[in-house]
Amino acid sequence: MIGHGGADRIELLALTFRGLESGLRKATKRRGESRHRPWPLSQRPGFLIRRLHQIHVALFQEACGEFEITPLQYSLLSALALRKTADQTTLAADIALDRTTTTGALKRLAARNFVEIAVDDEDRRARLCRLTPAGAALLAKIEASARAAHRATLDNLSEREQTAFIDMM
């Protein structure tokens with residue numbers, strides 16, 4: 001479970017970010033080359049989304065590190081638990097990743113005996129994947145910790161704000 005260390009980590013990241021932005025402002029002033037007003041990182045949606053992802057990964061690792069599974073691998077195991085059997089392209093679409101990255105993650109899960117990958121009899125080019133009993137057992141063990149990491153990611157938002165945030169995604 002995530003203790004107060006997660007909140008401390010978020011505060012540390014926020015302080016680091018503010019320091020980075022301050023340093024960028026000072027560097028721009030020193031150079032004096034720029035006539036346009038710089039767009040602060042703290043106002044860039046893409047940058048903020050990437051930072052939120054980094055924070056979530058840190059919280060996930062803190063909560064789930066003992067399982068030696070990444071958030072991506074957890075997503076794949078979860079998608080397979082819902083689908084029972086799926087080809088790699090379908091799984092890639094389920095977790096919003098490219099097929100190459102998904103295939104690599106599936107191979108790593110298969111090497112640890114959490115996923116079975118077999119040639120599809122109907123389409124020899126396709127690979128069908130399914131959870132092994134060991135993969136299902138891991139998913140059952142990690143679930144509470146993974147949910148805690150997801151909750152911690154949005155912990156600073158009210159319940160209403162969390163709902164709105166998820167709805168916007």
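This is a predicted model: local features need pLDDT of at least 70, side-chain atom pairs count only at pLDDT 80 or more; totals for chains, interfaces and linings use all residues.
1. Helix H3 against helix H6. H3 spans residues 71–83 and H6 spans residues 133–153; their axes lie 11 Å apart at an angle of about 120°. The two helices are therefore oblique to each other. The crossing of H3 over H6 is left-handed. On the H3 side the contact uses Tyr 74, Leu 77, Ser 78 and Ala 81, and on the H6 side Leu 138, Leu 139, Ile 142, Glu 143, Ala 146 and His 150. By class, these residues are 7 nonpolar, 2 polar and 1 charged.

2. Helix H3 against helix H5. H5 covers residues 99–111, and its axis is 10 Å from that of H3, at an angle of about 85°. That angle makes H3 roughly perpendicular to H5. H3 contributes Leu 72, Gln 73, Leu 76, Leu 77 and Leu 80, while H5 contributes Thr 101, Thr 102, Ala 105, Leu 106, Arg 108 and Leu 109. The contact of H3 with H5 holds 7 nonpolar, 3 polar and 1 charged residues. Leu 77 of H3 is listed here and also in the contact with H6.

3. Helix H2 against helix H6. The axes of H2 and H6 are 8 Å apart, and the packing angle is about 145°. H2 passes H6 in a right-handed crossing. From H2, the residues in contact are Leu 52, His 56, Leu 59, Phe 60, Ala 63 and Cys 64; from H6, they are Ile 142, Ser 145, Ala 146, Ala 149, His 150, Ala 152 and Thr 153. The count by class is 9 nonpolar, 4 polar and no charged. Ile 142, Ala 146 and His 150 of H6 meet H2, and these residues also take part in the contact with H3.

4. The largest pocket. The space in this pocket comes to about 670 Å³. Its lining has 19 residues, and His 53, His 56, Pro 71, Ser 75 and His 150 are those nearest the centre. By class the lining is 13 nonpolar, 6 polar and no charged.

5. Where the lining comes from. Helix H2 (45–64), H3, H6 and helix H7 (159–168) each provide at least two lining residues. H2 gives the most, with 5 residues.

6. Links between pocket and packing. His 56 and His 150 are among the residues nearest the pocket centre, and both also belong to the contact of H2 with H6.

Conventions
Residues are numbered from 1 along each chain as its sequence is written. Side-chain values use heavy atoms; hydrogens and water are left out. Axes are lines fitted to C-alpha atoms, for helices over the stretch in contact, and angles run from 0 to 180 degrees between N-to-C directions. Helices (H or I, at least four residues) and strands (E, at least two) are DSSP runs, numbered from the N terminus. Angles under 35 degrees count as roughly parallel, over 145 as roughly antiparallel, 65 to 115 as roughly perpendicular and the rest as oblique. A crossing is left-handed if the near helix is turned anticlockwise from the far one by less than a right angle, and right-handed if clockwise. Contact means heavy atoms within 4.5 Å. Ala, Val, Leu, Ile, Met, Phe, Trp, Tyr, Cys and Pro count as nonpolar, Asp, Glu, Lys and Arg as charged, and the others, Gly among them, as polar. On a 1 Å grid over the protein atoms alone, a cavity is a set of points where a 1.4 Å probe fits but cannot get out, and a pocket is an open set with protein on both sides within 12 Å along at least five of seven lines; lining residues have an atom within 4 Å of a point. Grid points are joined across faces, edges and corners, and a volume is the space filled by probe spheres set on the points.
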